[in-house]
Amino acid sequence: MKAKENKTLKITDLKDMLEKTNSLYGEKIAYKIREEKGKYKTITHKEARQMVDAIRNSINRFRIKR
């Protein structure tokens, strides 16, 4: 039996990682968060990217322009 090879991605920074994982795995589960005993909330790669984008946009709104 031939061993399965894992693909590796060349990643330059966090932004690059989020773009690539969103593109490759969009609707697949990225995280499971336990909310209460036996109940979990799932977050897809696409949702994780949307959350990071929302945080970035919020930070950009409060930047002081020189």
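The protein chain carries 19 positive and 9 negative side chains, with the centres of the two sets 2 Å apart; Lys and Arg count as positive, Asp and Glu as negative, and His and the chain ends are not counted, each charge being placed at NZ of Lys, CZ of Arg, CG of Asp or CD of Glu. This is a predicted model, in which local features need pLDDT of at least 70 and side-chain atom pairs pLDDT 80 or more, while totals for chains, interfaces and linings use all residues. Residues are numbered from 1 along each chain as its sequence is written, and side-chain values use heavy atoms, with hydrogens and water left out.

From the N terminus on, the elements of the protein chain run α-β-β-α, where helices (H or I, at least four residues) and strands (E, at least two) are DSSP runs numbered from the N terminus. The radius of gyration of the chain, taken over C-alpha atoms, is 16 Å, well over the 11 Å that the globule rule (2.2 Å times the number of residues to the power 0.38) gives for 66 residues, so the chain is more spread out than a compact globule. Along its principal axes, the C-alpha trace spans about 65 × 40 × 15 Å.

Buried residues, those under 20% relative accessible area with a 1.4 Å probe and protein chains only, make up 14% of the 66 residues. Thr21, found in helix 1 (residues 14-25), counts as buried because its relative accessibility is 15%. Leaving aside neighbours within four places in sequence, Thr21 is in contact (heavy atoms within 4.5 Å) with Gly26 and His45.

Methods:
Buried < 20%, exposed > 50% of the residue type's maximum accessible area, 1.4 Å probe, protein only.
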